[in-house]
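Hi everyone, thanks for making the time.

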Amino acid sequence: SCLEPFQVRAAIYSYMGHRKKNAGKDYLMVKIPAWLPPVESIAGNAGLITDRLRVVVHQFFLCWLHANKSPNKKKMHILGNGYFPVSSAILREVATDRYIKYVDLLIQLGVIERKTNYEGGRNYSPGFHSQMYRFLLPDIKGASLKFRDEKVTDYRTIKSVLKKRDRYVLDNKEHTGKLKLLPVHKTLKQYVLDTTIDMELAEAIERKHNPDFATDAYSELDLLNLEAVCNGDAGFFCVDSFGERFHHHILNLNKRFRPAIRFNGFEQTPLVSIDIACSQNYFCSMLPPLFDRLLPDFEPLRNLINELSKQPDYIYYRYLCETGKFNTFLGLMRDIDPNVAKVEFFKAVIFAKRKIGPADVMMRNEFRRFFPGVYKFFMAVKRLDENDLPALKDIIVETKGKYRVSNNSHKILPSLLQRLESRTIQLIAARIISNSDSIIPFLTLHDAFLVLPEHVDLTVDLINETFKELGANPPKLGIKKWALE
């Protein structure tokens, strides 16, 4: 995924290298286990450099934090027993070739423990190319992982940390997406760069959602990430090849922090979200009018889409999607909460393979009963292959080396809907940018636009005009002023 490196790790490494000043002198803030004795005395007794020891300890903190907050939970759960991977290559860059002495000292002091195999040698877990470590808590009743802040002021140490930070970010920017940014994306990029975070509100949100905020080290990452965004240390922009969606670091923030997003110069003004209700289903219902203009790479689907438009149940499906009532209908159909029904629907119908598990069968059967023609279209799309859609070969065919290992034709429908949504959003964004009546700063979050309150009405008009120009009935729009709830 083009997002994974920046969802967690870039924020961590940016924080690792965030430079501050006090009385004109540079320093870095690092995290040290609260139970560790004064670092000066430890390093001095061992003949090591104090600040180098600090950044080594901080690196263990960062790796521990990443292992516990990683979005790739399926990969991280195999570690177990508190272990986390630590790259010796990074340790060498921030602490020179003597990093082993620093690590051995921490092991001798009982701060960390290295995982070993049954012979006492190095131990590596599947999928990781780093040795495994874990923090050792002091033998005190009720002890928990807590950290204290300390400063690193040694110039050479700061330089090595910042050098690693900068190279890490540059290395990842080369792999963050397969598609080039279009002119409209470059303009949106400038609006993203002109964005900041209300840190006081963000902290209030964190306290509201996490009662143990003051003592919970796991809450560190969210605020560190926000702080890195504010300082300009964490940032990325890419367009993924699957759905042609424009991704950026503001989009990647935890949703609960979105009320804290602000434009520079309007720090006291909460933004307003304008989103398309039931967007994926809306775009599916608008396939007939939008197909010719926006989906030339799906030309082999023309006959299927023409057949879909003739189905009696498609008319009602289109009505529900245009009016934003489709999720409500799903909830009534299954007698469950509409938001839960929405998740079930995507799992059982849109994103599902042709064979699904028993837990999803009920939703699929109910949808097929009410909308047999639409369901037939979905299944027909999922029966296509790379010979029918050569432009999607990289998505449909999964290979390992020179061998084909999987047919991912079930991904055709999600890719189609995301591309249709993305291309429509690009047209709307271009119309907003070229609007001569007023300069409208805005952000896009997939199917949503974030604007200042005074620009809501004009933005809604421009969205509706775009859909009418494409020959589609405008969707139901959800308008919400974000605030701490």
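Predicted model: local features only at pLDDT ≥ 70, side-chain atom pairs only at ≥ 80, totals over all residues.

How many of the eleven residues of helix H18 (residues 372-382) are buried? Nine of them are, so H18 is largely enclosed by the rest of the structure. Here is the list of its buried residues: Gly373, Val374, Tyr375, Phe377, Phe378, Met379, Ala380, Val381 and Lys382.

Now let's step back to the whole chain. There are 485 residues, and 51% of them are buried. The chain has 21 helices and 16 strands. If you take contacts between residues at least 6 apart in sequence, 72% of them join residues at least 24 apart.

On to the sheets. I'll start with an open sheet of three strands, ordered E3-E5-E4, with antiparallel pairing. E3 and E4 are the edge strands, each pairing on one side only. From one strand to the next, the twist averages 45°.

Strand E5 covers residues 131-135, and four of its five residues are buried, which leaves the strand mostly covered. Strand E3 (residues 84-86) pairs with E5 over three bridges, in the antiparallel sense. If you want to find that pairing on screen, look for Val86, which stands opposite Gln131 of E5, and for Pro85, whose bridge partner in E5 is Met132. Strand E4 (residues 112-114) is also joined to E5 by three bridges, and the two run antiparallel. There, Glu113 stands opposite Arg134 of E5. Helix H6 (residues 99-108) lies across E4 and E5, and runs at about 110° to E4.

Next, another sheet. This one is open and has four strands, in the order E14-E15-E11-E16, again with antiparallel pairing. Which strands are at the edges? They are E14 (442-445) and E16 (477-481), each pairing on one side only. The twist here averages 20° from one strand to the next.

Inside this sheet, E11 (residues 272-276) and E15 (residues 448-451) pair in the antiparallel sense over four bridges. A handy landmark is Ile274, which stands opposite Phe449 in E15. Helix H21 (residues 456-469) lies across E11, E15 and E16, at about 15° to E11.

Two loops beside these strands deserve a stop. For background, most residues other than glycine have a negative phi. Cys278, in the loop between E11 and helix H11 (279-285), has a positive phi instead, near 50°. His446 sits in the loop between E14 and E15, and its phi is also positive, near 60°. Are these two residues buried or partly exposed? Cys278 has 13% relative accessibility, so it counts as buried. His446 has 23% relative accessibility and therefore counts as partly exposed.

Last topic: helices packing on helices. In general, such a pair is described by the angle between the two axes and the distance between them. Let's go back to H21, which packs with helix H20 (residues 412-434) at an angle of about 125°, their axes 9 Å apart. That is why H20 and H21 are oblique to each other. Their crossing is right-handed. On the H20 side, the contact is made by Thr424, Leu427, Ile428, Arg431 and Ile432. On the H21 side, the contact residues include Thr459, Leu462, Ile463 and Phe467.

H20 has another packing partner to show you. Helix H8 (residues 183-193) packs with H20 at about 65°, and the axes are 10 Å apart. This crossing is left-handed. Val184, His185, Thr187 and Leu188 of H8 make the contact with Gln426, Ala429, Ala430 and Ile433 of H20.

Technical notes: Residues numbered from 1 in each chain as written. Heavy atoms only, no water. Pairing = 2+ DSSP bridges. Axes fitted to C-alpha atoms, helices over the stretch in contact; angles between N-to-C directions. Contact = heavy atoms within 4.5 Å. Buried < 20%, exposed > 50% of the residue type's maximum accessible area, 1.4 Å probe, protein only. Parallel < 35°, antiparallel > 145°, perpendicular 65-115°, else oblique. Left-handed = near helix turned anticlockwise from the far one by under 90°.
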